[in-house]
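Please look over the sequence and the model before reading on.

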Amino acid sequence: MIEARHLRVLRAVAATGSFSAAARELGCTQPAVSQQMKALEASAGTPLLIRTGREMRLTQAGEALVRHASGILAGLTAAEEEIAAIAGLRAGRVRLVSFPSGSSSLVPGALAALRAAHPGTRVSLVEAEPPRSVEMLREGDCDVALAFRYRPAVAEWDDLVVRPLLADRLVGLVPEGHRLADAGSVAIGDLAEESWIAGCPRCRRQLVSVCESAGFTPRIDFATDDYPAVVGLVGAGLGVAVLPELAIESVRPRGARTVAVEPALEREIVALTLPDLANVPAVAATLDHLARTAARV
């Protein structure tokens, strides 16, 4: 295998015409230059230099290799500079995927702080709910996934690096004129006879599970992944809902009131990445800024 250090020595010998002059230019000894040239010729499998007294002349193979050496070494230098920039967070790219309420609450502050600290780092954002967002991470379509899971958590992310961010409490949402609108808190069973408006598929499953634990199956008349639509339907008096606080923060609940729900319900918000990506500087910085932003929520 031809090594870059050998190419640098060959180029110096070709430019100066001797091992001793090349050694002076490279800041090493003449025997070291001679040894590296022997190693390069062994790798190439053919003579590269013709030794005539104290002067050196390139063979045809040597001329060809010197001709390519400049481009190879320039490419390596550019690669080293780019890698150093990425390692020093002067450059880099992070592909982030987030669920919608995370995109509106956690992501803006985290990315603004990341850009201020490391303006050379570029971050792209697409939206997807778990488990699709987690699939995208495993398939290599993103570098960081902002996701959530309901407690008690199952071992579904054991192969990933999990950065816990916050516990997102779920609250009830009822129309302003509802009989429980002024209640400090309500038991989930108090809403057994209501018409329900459900959110994303994972949230729907959690709602059904919690209600069944309270002894009833919710009558879901409306189902939508769009949280503003859920709030609008509740505000219009068409039913009740249970939503995460993060989702309500980004929507003005006109015509609706929030009430605490008993037993207390919450979902765990986390940032996920692959083990091999966790040490990439731009990814690690993104995780840190998400955690700092979540701590302020």
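## Aromatic cluster and its surroundings

Tyr-150 has a relative accessibility of 10% and therefore counts as buried; the term buried stands for under 20% relative accessible area, exposed for over 50% and partly exposed for values in between, with a 1.4 Å probe and protein chains only. The model is a predicted one, in which local features need pLDDT of at least 70, side-chain atom pairs count only at pLDDT 80 or more, and totals for chains, interfaces and linings use all residues. Residues are numbered from 1 along each chain as its sequence is written, and side-chain values use heavy atoms, with hydrogens and water left out.

Tyr-150 belongs to one aromatic cluster together with Phe-99 and Phe-148. The structure holds two aromatic pairs. Rings of Phe, Tyr and Trp (its six-membered ring) pair if their centres lie within 6.5 Å; planes under 30 degrees apart are stacked, over 60 edge-to-face, and the rest tilted. The table gives both pairs.

| Pair | Distance between centres | Angle between planes | Class |
|---|---|---|---|
| Phe-99 and Phe-148 | 5.1 Å | 85° | edge-to-face |
| Phe-148 and Tyr-150 | 5.9 Å | 80° | edge-to-face |

Phe-99 is found in the loop between strand 3 (93-98) and helix 5 (100-105), whereas Phe-148 is in strand 5 (residues 144-150), so their pair ties together parts that are 49 residues apart in sequence. Helices (H or I, at least four residues) and strands (E, at least two) are DSSP runs, numbered from the N terminus. Phe-99 counts as buried at 1% relative accessibility, and Phe-148 counts as buried at 0%. Over the ring of Phe-148 sits the charged end of Arg-267, 4.4 Å from the ring centre; this requires NZ of Lys or CZ of Arg within 6 Å of the ring centre and within 35 degrees of the ring normal.

## Nonpolar cores

A nonpolar core is a set of buried Ala, Val, Leu, Ile, Met, Phe, Trp, Tyr and Cys residues joined through side-chain atoms within 4.5 Å. The largest such core has 57 residues, and those with the most contacts inside it include Leu-106, Val-144, Ile-188 and Trp-196. Another core, of 19 residues, lies apart from it, with Ala-12, Leu-49, Leu-58 and Ala-69 among its members.

Trp-196 is located in strand 8 (residues 195-198) and is buried, its relative accessible area being 0%.
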